[in-house]
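Hi everyone, thanks for making time.

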Amino acid sequence: MNKEYQRWVLINKQGQVVGRLEHNAYDTRQSAKDWFQRTSSLSGSNVNIDELYYVLKVEEYEFLKELDVLDLIEDEYVN
C-alpha cells in the first residue's frame, strides 16, 4: 500500500532551495523543521533554521516560484 506523504523544501532567504525532505514520518511543518534542524546539528553546524531558512511544502514553493515572489516572502507568513 503506497501512502501519500507531504514533501518539504528548505529555502534560504533568497528563495533558493537548500534542502529537501520526502518521508511519510514528517507530515507537519514543525516536524519537517525539526528534522532540518537536527540534520544541520549533526553536520556540526550551529545554524538556527528559523533565522536563516523557511520550510515550505513543495506545492507552496512551486506556487511562489511561479508567481516569481520567492524573494518577497516574510517570516510572519511562512514559519
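I'll talk about charged pairs to begin with, and then about aromatic rings.

One thing to keep in mind is that this is a predicted model.

Let's start with Arg 7 and Glu 22. Their closest N and O atoms are 3.9 Å apart, and the cut-off for a salt bridge is 4 Å, so this pair is counted. Arg 7 sits in strand β1, which covers residues 7-12, while Glu 22 belongs to strand β2, residues 17-22, so the bridge ties together parts that are 15 residues apart in sequence. As for the surface, Arg 7 is partly exposed at 34% relative accessibility, and Glu 22 is partly exposed too, at 42%.

Now please look over at the helices. Arg 29 forms a salt bridge with Glu 60, with 2.9 Å between the closest N and O atoms. Here helix α1 (residues 29-42) provides Arg 29 and helix α3 (residues 58-67) provides Glu 60, so this contact ties together parts 31 residues apart in sequence. Glu 60 has a relative accessible area of 26%, so we call this residue partly exposed.

Helix α1 comes up again in the remaining pair, Asp 50 with Lys 33. Their closest N and O atoms are 3.2 Å apart. Asp 50 is in helix α2, residues 49-52, and Lys 33 is in helix α1, which makes this a link between distant parts of the chain, 17 residues apart.

Are these two partners buried or exposed? Asp 50 is partly exposed, with a relative accessible area of 39%. Lys 33 is at 8% relative accessibility, and buried means under 20%, so Lys 33 counts as buried.

On to the rings. The count of aromatic pairs comes to 2. One of them is Trp 35 with Phe 36: the ring centres are 5.2 Å apart and the planes meet at 75°, so the pair is edge-to-face. The angle settles that, because planes over 60 degrees apart count as edge-to-face.

Which residues do the ring pairs link into a cluster? They are Tyr 26, Trp 35 and Phe 36.

Terms used
Residues are numbered from 1 along each chain as its sequence is written. This is a predicted model: local features need pLDDT of at least 70, side-chain atom pairs count only at pLDDT 80 or more; totals for chains, interfaces and linings use all residues. Side-chain values use heavy atoms; hydrogens and water are left out. Rings of Phe, Tyr and Trp (its six-membered ring) pair if their centres lie within 6.5 Å; planes under 30 degrees apart count as stacked, over 60 as edge-to-face and the rest as tilted. A salt bridge is a side-chain nitrogen of Lys or Arg within 4 Å of a carboxyl oxygen of Asp or Glu. Helices (H or I, at least four residues) and strands (E, at least two) are DSSP runs, numbered from the N terminus. Buried means under 20% relative accessible area, exposed over 50%, partly exposed in between (1.4 Å probe, protein chains only).
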